[in-house]
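Please keep the sequence and the model in view while reading.

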Amino acid sequence: MEKERTKIRLVIVAIFLIADVFIWSVVMRADRAGVLTVAFLDVGQGDSMYIEAPNGNQILIDGGPGASTLRALGGVMPFYDRSLDLVIATHPDQDHIGGLTAVLERMSVLGVMTSENTTDTGAYGAFEKIIQTKNLHRILARRGEKIILDQGVVLEILFPDRSTLGWDTNTGSIVARLSYGDESFLFTGDSPRSIEHYLVGKDGAHLKTNVLKLGHHGSRTSSSREFLSVVDPEYAVISAGRDNKYGHPNKDIVTLLEELKIPTLSTIDKGTVIFKTDGTSLRVR
């Protein structure tokens with residue numbers, strides 16, 4: 001008889017747990033109804049950006065240098081969610097892919113986007129190994145490709161427009177622009193000024209974007225005056241680590257941003273920077 005009561009209690013507990021998860025799921029869907037979330041994660045000296053469309057589709061662009069990315073994701077994803085639709089590695093440097101191996105190991109991921117660019121580092125080797133071990137679908141980035149996350153939510157690849165095999169890793173960075181209604185975000189990896197100049201020539205006024213992730217963590221190798229003037233962002237975001245050995249962001253770049261009156265948000269000062277938009281207005285916290 002006691003066994004029967006125990007079984008009944010367990011069944012009741014299980015029902016309540018399932019109901020609780022369902023309720024939380026409904027609440028989370030209600031919270032993001034019509035809202036796109038873009039989070040620039042605080043991963044120290046590196047890049048990692050999380051995108052969640054109104055319908056719940058999710059993309060992670062880069063994974064920072066290590067384990068901090070999983071912790072940062074825990075701060076922006078629902079506690080019960082352990083999946084991503086797409087992971088994009090802009091280029092194979094450790095401060096962009098070091099944390100992606102753990103993400104791919106511990107989360108369910110439908111596909112991975114990369115360029116042909118490679119390195120012989122341990123971090124890149126581990127990243128490639130987990131892609132092969134889990135037999136993940138790989139997409140090679142090419143200019144003009146569009147990833148439809150939701151109705152009206154589009155991530156478009158602006159660069160590369162050719163194979164980057166054998167290129168300098170920063171020069172071969174994937175550049176992508178996310179748009180939703182009147183609002184947009186530009187992700188530049190570590191693209192140098194030569195690629196910025198190329199994109200200005202290719203895209204001109206179409207580069208105008210509300211939120212710009214500064215190239216190469218605010219280094220002087222990126223963020224030319226010409227590029228910043230054409231993009232003309234409402235906000236520039238710098239993803240870098242406190243007291244990093246590279247001196248990012250560069251003082252000249254900070255001065256240029258001030259001169260151009262571009263408000264700047266940094267993960268050094270703010271931690272994870274989160275934007276939310278319904279396609280007509282932009283909120284930041």
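How many helices and strands are there in the chain? The chain has nine helices and 15 strands, where helices (H or I, at least four residues) and strands (E, at least two) are DSSP runs numbered from the N terminus. The model is predicted, so local features need pLDDT of at least 70 and side-chain atom pairs count only at pLDDT 80 or more, while totals for chains, interfaces and linings use all residues. Residues are numbered from 1 along each chain as its sequence is written, and side-chain values use heavy atoms, with hydrogens and water left out.

Of the 285 residues in the chain, 53% are buried; here buried means under 20% relative accessible area, exposed means over 50%, and partly exposed lies in between (1.4 Å probe, protein chains only). The chain exposes about 13500 Å², of which carbon and sulfur atoms supply 55%; these areas come from the Shrake-Rupley method with a 1.4 Å probe, and for residues only the protein chains shown count as cover. Among contacts (heavy atoms within 4.5 Å) between residues at least 6 apart in sequence, 67% join residues at least 24 apart.

The strands may be taken next. An open sheet of seven strands has the order S7-S8-S9-S10-S11-S12-S13, with mixed pairing; two strands pair if DSSP finds at least two bridges between them. Strand S7 (146-150) and strand S13 (264-266) are the edge strands, each pairing on one side only. From one strand to the next, the twist averages 20°. Within this sheet, strand S11 (residues 211-213) and strand S12 (residues 235-238) pair in the parallel sense over three bridges, and Leu212 stands opposite Ala236 in S12. Helix H6 lies across S8 and strand S9 (175-180), running at about 115° to S8; axes are lines fitted to C-alpha atoms, for helices over the stretch in contact, and angles run from 0 to 180 degrees between N-to-C directions.

Strand S5 (residues 108-114) has parallel partners in S4 over five bridges and in strand S6 (residues 137-140) over four bridges. Val112 of S5 stands opposite Val87, and the bridge partner of Val112 in S6 is Arg138. Because five of the seven residues of S5 are buried, this strand is largely enclosed by the rest of the structure. In a regular strand the side chains alternate between the two faces of the sheet.

Aromatic rings provide further links. Rings of Phe, Tyr and Trp (its six-membered ring) pair if their centres lie within 6.5 Å; planes under 30 degrees apart count as stacked, over 60 as edge-to-face and the rest as tilted. By this rule there are eight aromatic pairs. The rings of Phe40 and Phe275 have their centres 5.9 Å apart and their planes at 80°, so this pair is edge-to-face. Phe40 lies in strand S1 (residues 36-40) and Phe275 in strand S14 (residues 273-277), so the pair ties together parts that are 235 residues apart in sequence. Both Phe40 and Phe275 are buried. The rings of Phe159 and Tyr198, with centres 5.7 Å apart and planes at 70°, also form an edge-to-face pair. This pair links distant parts of the chain, Phe159 in strand S8 (residues 153-159) and Tyr198 in helix H6 (residues 193-203), which are 39 residues apart. Phe159 counts as buried at 2% relative accessibility, whereas Tyr198 is partly exposed at 22%. Ring pairs also link Phe40, Phe185, Phe187, Tyr235 and Phe275 into a cluster.

Phe159 also takes part in a backbone feature: a cis peptide bond joins Phe159 and Pro160, with omega about 10°. Pro160 lies in the loop between S8 and S9. Another cis peptide bond joins His248 and Pro249, with omega about 0°, and Pro249 is found in the loop between S12 and helix H8 (251-259).

Which side chain does the side chain of Thr90 meet in a polar contact? The partner is Asp62, at 2.8 Å; a polar contact is a pair of N or O atoms within 3.5 Å, where within protein one must be able to donate a hydrogen and the other to accept it, and residues adjacent in sequence count only if both atoms are side-chain atoms. Thr90 lies in the loop between strand S4 (83-88) and helix H3 (94-97), and Asp62 in the loop between strand S3 (58-61) and helix H2 (68-74). Thr90 is buried at 2% relative accessibility, and Asp62 is buried at 0%. Phi of Asp62 is near 65°, a positive value in a residue other than glycine.
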